[in-house]
Amino acid sequence: MTPHNLVELVPYDPQWPTHFRRIRNRLLTWLPQALFIDHIGSTSIPGMIAKPLIDIDIVLPSLEHIADATAALLAEAYEPRGNRYDDEVWAFLSRGSVPAERVYLCPAGNGTHRNRLAFRDYLIAHPESASKYATLKCRLAAKFRTDGDRYTAQKREFVDTIVARALKGNA
């Protein structure tokens with residue numbers, strides 16, 4: 001999100017997993033080379049408040065597959081959002097869909113993808129940490145209501161702590 005775009009958090013929608021499966025099936029028809037298509041972000045965590053946006057990582061066999069996958073997404077009216085996180089992750093947004101979709105192209109073995117899955121799975125397995133994350137998100141959304149970049153940046157320390165715990169296998 002850019003400044004002047006509201007950080008809108010909504011209660012968990014039990015339809016989000018259904019939306020993800022529908023989107024995943026559609027993406028697989030366009031990107032048959034995908035190794036994995038994973039639901040990430042807050043909409044993938046049952047009970048979590050979230051921006052009404054389905055975040056999806058698409059893992060491709062290698063960097064060489066990024067160009068073809070990009071062309072396929074552009075042909076389907078996804079907006080390119082750039083190489084994110086300096087970790088060979090390319091973002092695309094589909095504003096016309098309901099709910100909105102943000103997909104990320106990642107080569108196999110990508111660290112950002114690994115960390116996202118670790119974070120998601122840890123919060124699903126640890127409801128107390130998920131509750132702390134929800135509280136943090138609410139506080140930051142109120143503070144940075146029109147600045148999504150700062151909202152996201154201010155969550156970084158919490159996210160990094162959870163990812164470190166998850167990767168070490170600590171409860």
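This passage describes the fold of one predicted chain and the setting of a few of its residues.

The model is predicted: local features need pLDDT of at least 70, side-chain atom pairs count only at pLDDT 80 or more, and totals for chains, interfaces and linings use all residues. Residues are numbered from 1 along each chain as its sequence is written, and side-chain values use heavy atoms, without hydrogens or water. The mean pLDDT (the predictor's confidence in each residue, from 0 to 100) is 93 for the chain, and 94% of its residues reach 70 or more.

The chain holds five helices and five strands. These are DSSP runs, numbered from the N terminus: helices are H or I with at least four residues, strands E with at least two. Their order from the N terminus is α-β-β-α-β-β-β-α-α-α. Mean pLDDT is lowest among the elements in strand E3 (residues 79-84), at 88, and highest in strand E1 (residues 36-40), at 98. The C-alpha trace spans about 40 × 35 × 30 Å along its principal axes.

Buried residues (under 20% relative accessible area; exposed is over 50%, partly exposed in between; 1.4 Å probe, protein chains only) make up 45% of the 171 residues. Cys-106 is buried, at 0%. Cys-138 is partly exposed, at 42%.

Ser-97 sits in the loop between strand E4 (89-94) and strand E5 (100-107). Ser-97 is buried, with a relative accessible area of 16%. A polar atom of its side chain lies 3.0 Å from the backbone oxygen of Pro-99.

Key. Polar contact = N/O pair within 3.5 Å; in protein donor to acceptor, adjacent residues only side chain to side chain.
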